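Reader: Please show me the sequence and the structure, and then let us discuss the fold and the contact in turn.

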Amino acid sequence: MAQTNKKKSGAPKSVSVRDERWLHFYRQMLKIRLFEEEVNQLYLGAKMPGLAHLYIGEEAVAVGVCEALRQTDYITSTHRGHGHCIAKGAKLDNMFAELLGKAAGYCRGKGGSMHIADQESGNLGANAIVGGSTGIATGAALSARMRGTDQVAVCFFGDGALGQGLLYEAMNMAALWKLPVIYVCENNQYNEYTHYSETTAGPLTARAEAFGIRTKAIDGQDVKIVHEAAVKSVEKARRSEGPSFILCNTYRFYGHHVGDIDRAYYRSKQEEEEWKSQRDPIQILGHWLLKNKLADRSSLARIESAIAADIKRAVTSALEAPYPEIHEVRQHVFA
Amino acid sequence: MKVSSDNSSVSETKTRQITFAQAINEAIAEEMRRDPTVFIIGEDVAEAGTPFKVLSGLVKEFGTGRVIDSPISEAGITGIGVGAAMTGMRPIVDIMFGDFLTLTMDQLVNQAAKTRYMSGGKLKVPLVLRTTLGATRRSAAQHSQSLHAWVSHIPGLKVVVPATPYDAKGLLKSAVRDDNPVVFFEDKMMYQLKGPVPEEEYTIPLGVADLKRVGTDITLVATSSMVQVALEAAGILQEADISAEVVDVRTTVPLDKETLIASVRKTSRAIVIDEGYESYGVTAEIASVIAEGGFYYLDAPVRRMGAMDVPVPFSPVLEDQTVPTPDAVAAMAKTLCNKL
């Protein structure tokens with residue numbers, strides 16, 4: 001994973017490796033947060049073509065899960081995928097470049113926000129079809145086993161994907177064949193603009209339990225809880241003990257996409273404020289770090305300013321980077 | 001372009017007469033022996049060897065680890081195939097009836113076909129999806145369609161429509177080795193058709209049409225199940241002193257436009273025959289290619305003959321009306337040649 005333990009910006013010197021790890025988690029989550037805030041600025045400043053679906057509020061899920069993985073493990077992601085990409089090791093400048101349609105982007109500008117794939121970090125791609133990657137992640141797990149590796153695959157998807165049949169076909173086969181795949185459902189409460197309770201009958205976990213898949217419902221705002229659940233599931237998958245399903249209860253602080261500003265018709269300001277003030281995953285870990293004296297306010301502030309500087313450098317280089325050559329439009333249709 | 005594979009090129013090596021189904025089976029077995037990353041996944045592919053018995057015996061040689069019986073989940077197995085293909089395997093996904101392609105469409109169209117492009121050339125999906133086409137099996141509207149036009153419409157998919165055992169084997173081996181998603185259509189009615197196939201290994205490149213019969217008066221362009229119809233029509237036309245050339249495109253994507261246009265420049269007339277629905281179909285695309293490339297050489301409008309635009313009916317007397325026949329093709333050709 002990029003930029004790990006070497007950057008101990010501001011952490012008190014007495015922390016152990018284990019404790020330093022939580023500071024790394026904090027940095028990773030903050031990196032996603034600040035990246036996304038910059039994406040929003042690019043949209044508001046009309047510098048970014050199209051739209052983006054911000055992950056702000058859900059950072060603990062991506063970081064908690066991806067920190068349980070190796071670089072060679074696979075993930076598949078969603079339209080709200082920037083967090084997964086960063087957590088799995090994507091570089092910020094290439095990500096910004098992709099969002100801006102530049103040649104230096106992960107997909108040479110052909111994918112955009114919803115299709116970032118990064119083979120080097122095991123990211124098989126974000127996917128703009130809700131539930132569309134559930135088969136791909138399951139197939140990657142089958143492939144890992146057929147090739148005799150101990151790689152695992154993580155399939156990230158939202159509560160909206162619970163409405164898609166493909167997920168159930170894939171989970172059925174994963175359970176039948178004990179495939180090393182972990183289904184991570186990020187329940188951010190809303191299928192686009194509709195609360196999941198209006199679209200989803202019965203308990204959410206019952207879906208995976210019906211296939212005999214190990215299932216756990218957890219607080220997706222506490223990165224330590226997410227990480228613990230992910231580590232257990234990954235260990236089981238590596239030991240050929242089959243798939244797991246982790247339901248993470250979380251919240252999308254922004255709208256469905258950057259243009260979804262007026263949200264009062266589907267959720268209240270009060271609800272948003274409650275999550276932001278009481279259930280912010282970065283604040284939750286920050287408070288824990290402070291309480292356990294693994295950081296102080298000034299060291300956390302130094303971490304933040306260092307990341308902000310990285311973001312600024314990355315976005316500046318992406319803004320200055322060239323667009324793809326016009327002839328590239330016909331490239332890469334076929335291998 | 002290659003002339004008459006069934007006769008000239010085959011005759012130089014030792015050949016046997018085997019069925020279309022055996023040719024498919026041999027192609028898969030040879031590729032699985034050659035490359036351990038090749039595997040099969042589908043419904044009733046293992047012990048049953050598919051309802052058409054095309055895969056019989058493969059599970060004995062390769063085991064259930066590589067010939068995987070799946071649940072009845074066409075979307076799921078296609079998605080699993082895409083994921084496996086992206087991560088180093090070469091899956092062959094078996095979709096029993098072409099009609100069930102509808103169930104695979106998102107995985108095929110939005111995932112498999114676009115992954116290479118969307119990733120800026122970083123990821124690849126070396127997947128073969130085998131399925132069937134063709135009516136007149138008395139199987140009614142949901143087991144008789146020929147939907148190869150649907151996938152031919154999508155950039156990023158290659159589409160193979162073989163018409164002989166020889167072509168089926170050589171093209172399937174190339175499809176398995178191709179780094180792109182390939183949809184491979186087998187005519188259900190052709191499985192028991194026999195033809196000469198060399199004992200030695202060979203492949204046929206995707207994107208090269210084959211002249212199944214050389215002629216001078218009219219070009220009959222045909223695909224898959226309609227190649228045999230075109231050849232029979234050519235026989236009828238010969239008796240009427242019309243020399244018909246039969247061009248088998250073999251793959252709709254890539255399409256060998258040069259061979260099509262060269263043939264029409266020679267004959268000045270063309271009929272395109274295909275078992276997909278006639279409207280908005282393969283026949284329309286090929287007719288356009290011919291019209292655009294051969295306009296100044298044409299003496300008559302290019303005609304299309306596809307399946308009737310109706311859901312395929314069950315009753316044999318009705319179903320037989322929906323598919324082009326040798327007599328109908330010959331009659332159309334005579335009209336175009338002013339010899340009716």
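Author: This is a predicted model, in which local features need pLDDT of at least 70, side-chain atom pairs count only at pLDDT 80 or more, and totals for chains, interfaces and linings use all residues. Residues are numbered from 1 along each chain as its sequence is written, while chains are lettered from A and ligands numbered from 1 in the order in which they are written.

Reader: In what order do the seven strands of the open sheet in chain B stand?

Author: Strands are DSSP runs (E, at least two residues; helices are H or I, at least four), numbered from the N terminus. Two strands pair if DSSP finds at least two bridges between them. The pairing in this sheet of chain B is mixed, and the order is β4-β3-β5-β6-β8-β7-β13.

Reader: Why is one side of β4 and of β13 of chain B left without a neighbour in the sheet?

Author: Each of these strands, β4 (67-69) and β13 (251-253) of chain B, has a single partner strand, so one side of each lacks a neighbour because both stand at the edges.

Reader: Which residue stands opposite B:V160?

Author: Strands β7 (residues 158-160) and β8 (residues 182-187) of chain B pair in the parallel sense over three bridges. The residue in β8(B) that faces B:V160 is B:F184.

Reader: At what angle does helix α7 of chain B run to β8(B)?

Author: Axes are lines fitted to C-alpha atoms, for helices over the stretch in contact, and angles run from 0 to 180 degrees between N-to-C directions. Contact requires C-beta atoms, placed from the backbone, within 7 Å. Helix α7 (residues 165-177) lies across β3, β5, β6, β7 and β8 of chain B, and its angle to β8(B) is about 160°.

Reader: Is B:S224 buried or exposed?

Author: B:S224 lies in the loop between β11 (218-222) and α8 (225-239) of chain B, and has a positive phi of about 40° although it is not a glycine. A residue is buried if 20 or more other C-beta atoms, placed from the backbone, lie within 10 Å of its own, exposed if 12 or fewer, and partly exposed in between. With 29 such atoms within 10 Å, B:S224 is buried.

Reader: Which element gives the largest share of the side of chain A that touches chain B?

Author: The contact takes 36 residues from chain A and 35 residues from chain B. On the side of chain A, the elements that give two or more residues are α5 (134-146) and α6. The largest share, 11 residues, comes from α5(A).

Key. Contact = placed C-beta atoms within 7 Å.
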